[in-house]
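Hello,

Here is the structure I promised to pass on. Please open it first, then read the notes below it.

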Amino acid sequence: MTGLALRSLRHRPAAATATFVAVLLGTALIGTFATFVESALHLHGEDRTSLIVMGAVVGGWGALIVLYSVASTAGITATQRTAETSLLRVVGATPRQVRRLIGREVLVVSLLAAAGGSAVAAVAGRVLFGALRDGGMVSDGARFGGGPASVAAAAGLVVLTSCLAAWIAGLRATRPSAVAALRAAEIEPRGMHWWRAVVGGLLIAYGVGAAVVTLTVTRHSADPYDAMSTCGAASIYAGVGMAVLAPWLLRRFSAPVAALVGRTASGHLAAHNAARRSHLLAGVLAPVIVLTSGAIGTLMLVGIDNRTMHDPAQRADGRLINMLNYVVTGMISLFAAIVVVNAFAAVVAHRRTELRRLRLVGATRAQVRSSVVAEAGIVAAVGIVLGTLGSLTTVVPFAVVRHEGLVPDGQLWLPPAVAAAVVLLTLVSARASVQRATRELAG
Amino acid sequence: MTTPALEVRGLTRTYGDGATAVTALHGLDLGFAAGTFTAVMGPSGSGKTTFLTCAGALEAPTHGRVVIDGDDITDLDETRRTRVRRERIGFVFQSFHLMPYLTARQNVALPLRLAGRRADRRRVDELLARVGLADRADHLPGELSGGQQQRVAIARALVTDPAVILADEPTGALDSRTATSVLALLRTTVQELGATVVMVTHDPVAASFADAVVFLVDGRAAGRMEHPSTEAVAGQMAHLDDLVAAS
């Protein structure tokens, strides 16, 4: 099985690259902040608290985000091979062997990537610590104490997650009988698991609930940052909740958007593909929603705070909090972008034979390309609308609490700017993937 | 004499160059009259598939001409070739090649849509009824049997009223009973709609549904048989296999 796994990896370096990049960046990020926590263990007083808060907040959020992106990437990579794994089973591989094949592939790639990421983290941790000292966020006497232990723990966590994701994907790929799996490779799985609806619903409810608590309870609190702590992450929870429901949301909302795409052949194909096979494009929609919701929500939150906080003593507290906000937003955006690019590459690779089929039936190369780009447009439009709605759970309560009213006083250029970036990201990654796929479809 | 629906003259196709070059077709001359059903047969490596891809404007030949209904399409660029393919040629493939996210009706209308024409609902439904799937129009391919999927593909091939329908082993993925009904359907489209069908196959039973069989060996025409029977075709194929083995 290991031999087969290695050969299969050499056969598809592109699919492995996605997992590799996600694990590498993930280990680098979590590892860097893990070294802060390890350093904190050798320090005392305020330095210790600052570093632990930083490590815990960024590390915690980072772990969640990285784990999500690693899991989705490893999952996508495994799932898009359902047809191939069913074929293996038809010729006599047991479900266990197939799971082991998928697992070992991911293990090999993750170990290599985690090793690279650890090296980056060891260096980046030291450099960033220096920057914190120069910036006065820790005292001049504080010494960097990050070592192999923290970096290795971070690497282990990331590798473990990607293997877990691959194992789950393997279970899913091998659950139906071999022939059923082979047929199902073409068919849309109808509906979502009930637990998925519950989890998504709860997350959205939590985000909305946090907004309500901010408006009713923490706005009267003595510490002005209490309100931020209740509504700061609301947009991210709401966004993640909608991301969990992405297949269902895409089916619901693609029709009105598709009407806008026009009545061209490409638009027609894109609309039906988005609606009937929402499970494929949902992998792209999910990160688009989280990215939009998180970026607009958090950046406007920081903007409102900067405009309304005038007390110098509390501004000092605010500096650390807002730096953390920026770092978290940056991480979310970076990883969401990676997932969008990966997911598109995976979706298009998965549909290669089908796009070729379109060419055989008489679509020009331009029509095939524009139908995939139109799908990206539908996903971007749905994602931006939902993501912006999600961001309101942070922006509206915080603006009200800080006396700016329902609409914040500044930064209104931000949502359109984020939307433009998201459109660019989705269209460009769709265009790039389909370009690669259609180049070899000449003829 | 009337213009043939499809004609190839001196068709030559070479893959690779230099010492490793392989010539799949050696100056093949064939004509297919409108309203006929012809099977193209030959041993493995005889050039059947290459003939189909060149005649179907899926790739350009190295030398020679491809003429569809009097129009020479050999020197067209990729976009024009695509246009010819979807308006003048209908394809039926071994693995159906339906779009999985479109219903039967939408699949049949697809070539019209791609050509930027209005999909005439009545014509599409008429074709679906003709292939016996009037009650399956709103089903997705995944909900249809293999035989039903191939019927949808045949309706799709007919929708643009093409000069010629090229079928590549259309029954290769079907059991023998379903295969027979699909072949009978192809036969009917020729008799009742006046379609022209050129079918590449290696199955003597499939070939026996055609008006005539053209044999290929080593990229050259190797005889023609009118009103083929399964036994006669099987005998001729065995003979050609021996010839190839001896050479």
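In chain A, 21 residues of domain 1 are in contact with 16 residues of domain 2. Contact means that two C-beta atoms, placed from the backbone, lie within 7 Å. The domain assignment gives domain 1 as 1-187 and domain 2 as 189-443; such bounds come from an automatic or database domain assignment. On the domain 1 side, helix 2 (13-41) and helix 3 (45-79) of chain A each supply at least two residues. Helix 3 of chain A gives the most, with 13 residues. By class, this side of domain 1 has 14 nonpolar, seven polar and no charged residues. Nonpolar here covers Ala, Val, Leu, Ile, Met, Phe, Trp, Tyr, Cys and Pro; Asp, Glu, Lys and Arg are charged; the others, Gly among them, are polar.

A word on the ground rules. This is a predicted model, in which local features need pLDDT of at least 70, side-chain atom pairs count only at pLDDT 80 or more, and totals for chains, interfaces and linings use all residues. Residues are numbered from 1 along each chain as its sequence is written, while chains are lettered from A and ligands numbered from 1 in the order in which they are written.

The model scores ipTM 0.74 and pTM 0.76. Chain B has a mean pLDDT of 90, and 99% of its residues reach 70 or more. pLDDT is the predictor's confidence in each residue, from 0 to 100.

Now chain A as a whole. It has 17 helices and zero strands. Both are DSSP runs numbered from the N terminus: helices are H or I with at least four residues, strands are E with at least two. Of the 443 residues of chain A, 52% count as buried. Buried means 20 or more other C-beta atoms within 10 Å of the residue's own, exposed means 12 or fewer, and partly exposed lies in between, with C-beta atoms placed from the backbone. Take the contacts in chain A between residues at least 6 apart in sequence: 87% join residues at least 24 apart.

Val339(A) is one residue to look at. It is found in helix 14 (residues 312-350) of chain A. Val339(A) counts as buried because it has 28 C-beta neighbours inside 10 Å. Beyond its neighbours within four places in sequence, Val339(A) is in contact with Ser69(A), Ser72(A), Thr73(A) and Pro287(A).

Next, the core. The largest nonpolar core has 203 residues. Such a core is a set of buried Ala, Val, Leu, Ile, Met, Phe, Trp, Tyr and Cys residues joined through C-beta atoms within 7 Å. Those with the most contacts inside the largest core are Val158(A), Ala246(A), Leu285(A) and Val164(B). Domain 1 and domain 2 of chain A both give residues to this core, so it lies between them. Leu285(A) touches Ala246(A), Leu250(A), Val379(A), Val382(A) and Gly383(A), not counting residues up to four places away in sequence.

Where do the two chains meet? The contact takes 19 residues from chain B and 18 residues from chain A. Helix 2 (78-88) and helix 3 (104-114) of chain B each supply at least two residues of the chain B side. Helix 3 of chain B gives the most to that side, with five residues. The chain B side divides into nine nonpolar, six polar and four charged residues.

Eleven of its eleven residues are buried, so helix 3 of chain B is largely enclosed by the rest of the structure. Its buried residues pack against helix 12 (265-276), helix 15 (352-361) and helix 16 (365-401) of chain A. They also pack against helix 2, helix 4 (121-130) and helix 5 (146-158) of chain B. Just after helix 3 of chain B, Gly116(B) takes a positive phi of about 75 degrees.

From the record: the UniProt annotation "domain: ABC transporter" (unreviewed entry) covers residues 6-243 of chain B. UniProt positions are in the numbering used here, feature names are shortened, and annotations may be inferred rather than shown by experiment. Over residues 6-243, chain B is 37% helix and 25% strand.

Gln411(A) has a positive phi of about 60 degrees although it is not a glycine. Gln411(A) is in the loop between helix 16 and helix 17 (414-439) of chain A. Asp69(B), also not a glycine, has a positive phi near 50 degrees. Its place is in the loop between strand 4 (63-68) and strand 5 (71-72) of chain B.

Best wishes
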